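This report describes one protein chain for a reader who has the sequence and coordinates at hand. Please consult both while reading the sections below.

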Amino acid sequence: MIALITSNPFLQRLSEGGTGMYFILIAFLLSIVFIVLAFLKKNKNERSSNKMIGLAAESSLVALVMGCLASVMGIIELFDMLEAIGETRPDLFAAGIKVSLLTITFGLFSFTVARIGILAYKWSLNSDNAKQ
């Protein structure tokens with residue numbers, strides 16, 4: 001079981017991206033929870049359902065912005081490291097760029113998945129209105 005967890009490529013990428021990746025993951029999971037709650041409450045309480053979709057939209061934006069922020073911070077750390085070493089080595093530069101790209105990629109992924117969920121929710125509202 002432990003070998004399965006340590007060899008998981010998603011968890012490896014998550015840890016490679018630094019602490020910002022965990023904040024993005026939290027925002028992503030919140031978005032998914034809000035979307036699921038919106039679908040569950042759609043027929044029972046429309047006001048609460050719309051509130052959940054609004055929260056999903058906001059948390060998806062937080063994931064995107066956190067990805068951008070963590071990316072910029074990663075590039076700044078890269079330049080700080082290169083300045084401290086005093087030389088530019090391609091392997092160090094590539095590693096720093098990779099870390100900054102991991103965070104922005106995960107932020108964009110989180111935003112995209114949440115927005116697709118929001119779009120599906122809004123589409124289901126239009127199809128429910130057409131049936132009536």
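Computed along the sequence, E77 and S100 are 23 residues apart, and their C-alpha atoms lie 9.5 Å apart in space.

## Model and confidence

The structure is a predicted model. Mean pLDDT for the protein chain is 85, and 86% of the residues reach 70 or more.

## Overall architecture

The secondary structure of the protein chain consists of five helices and zero strands. In sequence order, the pattern reads α-α-α-α-α. The chain contains 132 residues, of which 33% are buried.

## Annotated transmembrane regions

An unreviewed UniProt entry carries the annotation "transmembrane region" for residues 20-40, 61-79 and 99-121. In the model, the span 20-40 is 100% helix and 0% strand, and its end C-alpha atoms lie 31 Å apart. The span 61-79 is likewise 100% helix and 0% strand, with 27 Å between its end C-alpha atoms.

## Helix α3

Helix α3 covers residues 20-41. It has 22 residues and reaches 32 Å from its first C-alpha to its last, close to the 32 Å expected at 1.5 Å a residue. The buried residues in α3 are G20, M21, I24, L25, A27, F28, S31, F34, I35 and A38.

The C-alpha atoms of G20 and A63 are separated by 9.8 Å, although the two residues are 43 positions apart along the chain.

## A nonpolar surface patch

F23, I26 and L30 form a nonpolar patch on the surface, and together they have about 290 Å² of accessible area. L30 is placed in helix α3. This residue is classed as partly exposed because its relative accessible area is 38%, which lies between the limits of 20% and 50%.

## Helix α4 and its end

Helix α4 (residues 46-85) has 40 residues. From first C-alpha to last, α4 reaches 58 Å, close to the 58 Å expected at 1.5 Å a residue. Just after α4, G86 takes a positive phi of about 90 degrees.

What is the relative accessibility of S60, and is this residue buried or exposed? S60 is placed in helix α4 and counts as buried because its relative accessibility is 0%. S60 and S110 are 50 residues apart in sequence, while their C-alpha atoms lie 6.5 Å apart in space.

Key
Residues numbered from 1 in each chain as written. Predicted model: local features only at pLDDT ≥ 70, side-chain atom pairs only at ≥ 80, totals over all residues. Heavy atoms only, no water. UniProt positions renumbered as here; feature names shortened; annotations may be inferred. Helix = DSSP H or I, 4+ residues; strand = E, 2+ residues; numbered from the N terminus. Patch = residues over 30% accessible without salt bridge, like charges linked within 9 Å, V, L, I, M, F, W, Y side chains within 5 Å. Areas by Shrake-Rupley, 256 points an atom, 1.4 Å probe, with all protein chains shown as cover. Salt bridge = Lys/Arg side-chain N within 4 Å of Asp/Glu carboxyl O. Buried < 20%, exposed > 50% of the residue type's maximum accessible area, 1.4 Å probe, protein only. Expected span 1.5 Å × (residues − 1). pLDDT = per-residue confidence, 0-100.
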